[in-house]
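Here are my notes on this one, as numbered points. Have the model open while you read.

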Amino acid sequence: MANCFSCCFVASILFILLTVFKVREMIIDAIPSDIKYAISAGIGLFIAFIGLQGGKLISKSDSTLVTVGALNNPLVWITIFGLVVTIFLMIARVPGAIFIGMIVAAVFGIAIGQIPMPKAFISGVPSLSPILVKLFSILVILILSKCGSLSSLSYWLLSLILLVL
């Protein structure tokens with residue numbers, strides 16, 4: 001886990017450097033807008049799939065590849081609770097609704113004894129040598145996700161402006 005955080009940190013530093021030296025902008029300009037929208041949709045579906053899998057709402061199935069998780073698992077109910085809280089906060093337009101939903105679900109899981117309390121909040125810095133391939137992968141994901149996010153956001157803002165006019 002510490003290697004993952006180290007890798008994300010270094011990839012973020014490289015991403016900042018690419019932004020400062022305008023390399024990221026050149027990459028984004030070279031990608032057609034339809035591909036940018038497809039990237040943002042694909043990344044969103046991928047993140048949703050990982051979240052549903054991590055929350056045990058979906059699980060592996062040999063016949064259908066994916067199936068509904070077991071509703072007798074307490075982790076499924078923590079996930080559903082967190083999703084419901086997040087949805088209500090988003091409907092109420094509360095700033096930071098997703099983050100607040102995550103915190104509420106974690107506190108709920110800790111309160112019912114399904115999530116253990118963390119033992120430490122800060123750990124030592126691990127070696128970066130085993131994570132170079134992961135570092136490159138995260139850097140590519142950062143560039144493509146920002147490309148898709150910025151494209152979809154600009155499309156949404158343009159639509160909003162045209163709607164107002």
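1. First, terms: two strands pair if DSSP finds at least two bridges between them, and strands (E, at least two residues) and helices (H or I, at least four) are DSSP runs numbered from the N terminus. Here a hairpin joins β1 to β2 through three residues.

2. Some housekeeping: this is a predicted model, where local features need pLDDT of at least 70, side-chain atom pairs count only at pLDDT 80 or more, and totals for chains, interfaces and linings use all residues. Residues are numbered from 1 along each chain as its sequence is written, and side-chain values use heavy atoms, without hydrogens or water.

3. β1 (residues 58–61) and β2 (residues 65–68) are antiparallel, paired over four bridges. I58 stands opposite V68, while K60 has V66 as its bridge partner.

4. Now the helices. The axes of α4 and α5 lie 8 Å apart, at an angle of about 150 degrees (axes are lines fitted to C-alpha atoms over the stretch in contact; angles run from 0 to 180 degrees between N-to-C directions). So α4 is roughly antiparallel to α5 (the cut-off is over 145 degrees).

5. Which helices each supply at least two residues of the lining of the largest pocket? They are α3 (33–54), α4 (74–91) and α5 (97–111). Lining residues have an atom within 4 Å of a pocket point, on a 1 Å grid with a 1.4 Å probe; a pocket is an open set with protein on both sides within 12 Å along at least five of seven lines. Of the 19 lining residues, G51, T79, L83, I98 and M102 are the closest to the centre.

Terms used:
Parallel < 35°, antiparallel > 145°, perpendicular 65-115°, else oblique.
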